[in-house]
Amino acid sequence: MTVYSVYEPADAADLEARTGKVAFVKDGIAWLALFVPILWLIYHRMWLELLVFLVIFMSLPVTFGSGPAAREIAGWASLCLTVLFALEANDLRGWALRRRGFRFAGTAWGRDLVEAETRFFSRWLPEQEKPSAPIPAVAMPTQRGAGIVPTRPARGDEVIGSFPRS
């Protein structure tokens, strides 16, 4: 089973517009981000993350120097950073969605994305279609005798806390 974090736009008032913009973010490693991280960032329009990614990777040769051993260390460091990025890419995507005004709507799971979407929308849509009913006002009794009438306990019925007096 694959687990997805679901984000919905907070600004769309229309249910159909919100439903069309709901984003499912898979939990776990982003395999495409492991092999082509720059294209993955561009596809998901994560511009700030792309800028940070490029700055980090362009600074590696400067940090380690230009000798053959330094280039090998920079290569291993870039490989480790790419693997770390792929492990955290979907979390970064959720953070980017929240930064763009989306809010966490829940989780969904399924064998694939279609099954997870079906499960999520079958639970989420009925909650969204309920009209928000106004809170009912408390009816105050109009006559003095119409409300709750306090009674005095009979002898032996007195209670202290949860225990009757003996």
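**Exercise 1.** In this predicted model, sort the lining of the second largest pocket by class: how many residues are nonpolar, polar and charged?

*Solution.* The class count is seven nonpolar, two polar and two charged residues. To check it, list the lining: Phe24, Lys26, Ile29, Ala30, Trp31, Leu32, Trp40, Tyr43, His44, Asn90 and Arg93. Tyr counts as nonpolar in this scheme. Next, locate the lining in the fold: strand S2 (23-26), helix H2 (31-35), helix H3 (37-43) and H5 each give two or more residues. The volume of this pocket is about 180 Å³.

**Exercise 2.** Which element gives the largest share of the lining of the largest pocket?

*Solution.* Start with the lining residues: Leu48, Glu49, Val52, Phe53, Ile56, Phe57, Leu81, Leu84, Phe85, Glu88 and Leu92. Two elements supply two or more of them, helix H4 (47-64) and helix H5 (68-99). The largest share, six residues, belongs to H4. By class, the lining holds nine nonpolar and two charged residues, with no polar ones. The space inside comes to about 230 Å³.

**Exercise 3.** Describe H5: where does the helix bend, and what do its buried residues pack against?

*Solution.* First, the axis: H5 bends by about 50° at Glu88. Glu88 also lines the largest pocket. Second, the buried residues, meaning those under 20% relative accessible area: they include Ala70, Ala74, Phe85, Asn90, Arg93 and Leu97. Third, the partners: the buried residues of H5 pack against strand S1 (2-9), S2, H2, H3, H4 and strand S3 (102-110). Finally, just after H5, Gly101 has a positive phi of about 105°.

Terms used
Residues numbered from 1 in each chain as written. Predicted model: local features only at pLDDT ≥ 70, side-chain atom pairs only at ≥ 80, totals over all residues. Heavy atoms only, no water. 1 Å grid on protein atoms, 1.4 Å probe; cavity = no way out; pocket = protein on both sides within 12 Å on 5 of 7 lines; lining within 4 Å. Points joined across faces, edges and corners; volume = space filled by probe spheres on them. Helix = DSSP H or I, 4+ residues; strand = E, 2+ residues; numbered from the N terminus. Bend = angle between axes of the 7 residues up to and from the residue. Buried < 20%, exposed > 50% of the residue type's maximum accessible area, 1.4 Å probe, protein only. Contact = heavy atoms within 4.5 Å.
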